[in-house]
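Trainee: I am new to this structure and would be grateful for a close look at a single part of it. Could you also place that part in the wider picture?

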Amino acid sequence: MAATVAGCGLGAGPAPGGVQLTVTRDFGARVLGRASAPKVQGAETVMSLLLRNDKVITKYGGGFVESIEGLSGGQETGGDPLDWFYYVNGLEAPKGAAATNVHAGDHVWWDLHDWSQTDDIPAVVGSFPEPFLNGVEGKRLPVRVECAQAQSEPCRTVLARLRALGVPAAVAGIGSGAEPDALQVVVGSWTAVHGDPSVQSIERGPRASGVYARFAASGQTLTLFDASGQATDTLSAGAGLIAATKDVESAVVWVVTGTDEAGVARAARALDTSALRDRFALAVTATGAQLPVPGASG
Amino acid sequence: MRNTGLLFYRRLASPLHATRAGVGAVWALALTAAALILYNPLSLGALALAVLGAGVGAGVGRQLAGTLRTALIVGLPIVAINVLASREGLTVFARLGDLGPFGQGNLTVEAVVYGAVIALKVTLLMLITTLASLAVDPDELLRSFRRLSFRSALTASLATRMIPVLGADARRLAEAQRTRPEDPSRGVRGRVALLSAIVGGSLERAMEVAATLELRGFAVAAEGKHRPWRSRSRRSSSRLSRLRRSPSEVRVKRPWSRHDLAFTCSALTVIALALAGRMTGAASFAAYPLLKMQIDGGTWMLCAALIAAMLLPFIDRRGIDR
């Protein structure tokens with residue numbers, strides 16, 4: 001009620017500053033447009049921000065996006081469904097674009113992708129340092145880094161990266177319990193972290209977690225999938241993964257993990273704006289190569 | 001006769017009334033098409049102005065003014081609903097906050113303008129329909145469809161003739177109801193009683209009309225048309241058909257009058273102008289996401305041409321019965 005009243009008034013309302021707008025396709029593989037200072041005029045919704053800055057065709061009275069820059073949803077040549085999805089600060093919004101307000105510092109990301117495996121990807125890593133820096137719906141949330149070993153190099157690297165960006169983060173042990181109003185970063189090898197209920201969905205594959213990668217039960221291998229759910233690569237020793245997910249009870253959970261300690265260390269070092277930009281998730285091989293997840297078909 | 005509030009055709013001394021019904025109907029259809037083709041508010045306004053002018057020229061301006069008042073009542077909710085429902089505009093003038101499933105209640109200038117354009121289109125359609133129903137002879141129009149489907153034309157003709165009769169019935173019954181001491185005409189019960197009496201009366205009238213038609217041999221003629229022995233009875237059937245018609249109804253090939261030609265030209269010109277306006281961009285208009293409306297010399301010329309094309313046939317009043 002208070003939020004509703006707060007949003008009322010005459011005129012366009014105060015304009016949010018520091019907003020970014022990115023438009024990509026195929027899970028961020030191709031950038032169609034990127035505006036670090038998009039046109040903003042008064043209080044904007046995600047939809048109005050997009051309409052103001054791109055050529056957009058909408059349907060249902062402006063509630064849904066039909067096409068952006070001439071690219072519309074529908075079906076791919078293979079028959080897989082294709083549609084536009086949006087993320088604010090790396091989180092899938094629970095409401096329509098016309099119902100979601102843009103707040104100061106928000107990173108709005110539209111992506112046209114195949115949703116044959118899942119139409120529910122609750123969180124992505126490609127807006128880093130969001131959501132840690134500006135939070136969710138204009139509200140900055142506390143950040144808790146849960147490490148398998150608090151003094152390990154990967155844990156210290158992750159903390160240092162976050163703090164360098166101005167994100168105050170607390171450290172806790174694995175399995176400290178999910179908090180609905182906190183952002184969690186879980187750091188450790190998959191064998192050490194897979195018991196945490198908030199990351200267990202990753203073991204069940206893309207349909208359950210929205211992450212197109214899956215660890216084997218032993219935690220020794222990491223299989224990467226493409227958009228249609230086909231395995232594209234299987235990484236073993238020294239492989240790492242940075243992914244984000246969200247279950248019903250918890251807030252967003254990022255996981256910096258690997259098949260072993262070396263893989264976790266590689267993943268922690270990849271926690272960087274340029275490495276994560278426009279990625280839904282990121283895998284790192286034993287040679288240090290960074291692979292976008294989901295991977296390219298074929 | 002007291003005005004029943006219903007709009008029905010009466011022969012008046014005007015060029016549109018003097019035009020054959022088919023041409024009048026085509027002219028009205030051309031105006032309807034133009035109203036649907038055009039979106040530019042200026043050209044729609046010109047069209048509305050011209051329709052009102054045509055109403056004055058046809059001697060039915062007062063009735064059109066009544067329709068205009070009704071259209072305003074219809075138009076305001078259209079604008080209000082569009083403002084509340086549309087999320088495509090970008091120029092926010094008021095914010096109602098989060099409306100739950102309806103999204104953020106950001107009211108935009110574009111939604112107001114688009115709603116007004118739709119309301120203007122609805123107004124135009126109502127005005128054109130009123131003008132056509134007042135100035136185009138429905139019997140003559142239906143007669144032209146007789147060859148295609150005799151029964152349908154007859155049914156439609158009878159139905160249109162029954163509307164004023166039922167209106168008069170309703171008025172008479174309501175007056176009779178009011179004469180009763182407790183005045184039962186007020187309230188829902190009184191209205192339901194009146195409605196049921198009118199419906200009952202209409203069924204009774206329908207039976208009377210059916211009996212009359214049967215007596216006049218309409219059923220025989222209609223059946224004979226489709227039967228294989230038609231050739232044998234053609235002579236008697238055509239004699240019966242001729243007998244059935246009054247002398248004024250006997251079909252005589254009527255030459256095209258100057259009014260027929262003028263209104264045909266007007267209809268073609270209006271359609272051509274509307275299409276040209278859309279194709280050349282002289283009447284271009286986009287409400288969303290930001291208002292884009294063409295207003296230049298071409299737009300003004302289009303508006304002037306539309307008004308002239310619609311009103312010029314009303315200037316020639318020679319040969320009109322008074």
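**A helix and its surroundings**

Mentor: The elements that cover the buried residues of α2(A) include β2 (20-25), β4 (56-59), β8 (81-88) and β10 (107-114) of chain A. This is a predicted model, in which local features need pLDDT of at least 70 and side-chain atom pairs count only at pLDDT 80 or more, while totals for chains, interfaces and linings use all residues. Residues are numbered from 1 along each chain as its sequence is written, and chains are lettered from A and ligands numbered from 1 in the order in which they are written.

Helices (H or I, at least four residues) and strands (E, at least two) are DSSP runs, numbered from the N terminus. A residue is buried if 20 or more other C-beta atoms lie within 10 Å of its own, exposed if 12 or fewer, and partly exposed in between, with C-beta atoms placed from the backbone. The buried residues are A:V46, A:M47, A:S48, A:L49, A:L50 and A:L51.

Contact requires C-beta atoms, placed from the backbone, within 7 Å. Chain A contributes 25 residues to the contact between the chains and chain B contributes 16 residues. On the side of chain A that touches chain B, at least two residues come from each of α1 (2-6), β1 (8-10) and α2. The largest share of that side, 4 residues, is supplied by α2(A).

The wider interior may be described through its nonpolar cores, each a set of buried Ala, Val, Leu, Ile, Met, Phe, Trp, Tyr and Cys residues joined through C-beta atoms within 7 Å. The largest has 84 residues, and A:V187, A:A213, A:I242, A:V256, A:A281 and A:A283 have the most contacts inside it. At least three of its residues come from each of domain 1 (2-114) and domain 2 (143-293) of chain A, the bounds being taken from an automatic or database domain assignment. Apart from neighbours within four places in sequence, A:A281 has contacts that include A:V125, A:V211, A:Y212 and A:V293. A second, separate core of 57 residues includes B:V113, B:L142, B:L273 and B:A274.

Terms used: Contact = placed C-beta atoms within 7 Å.
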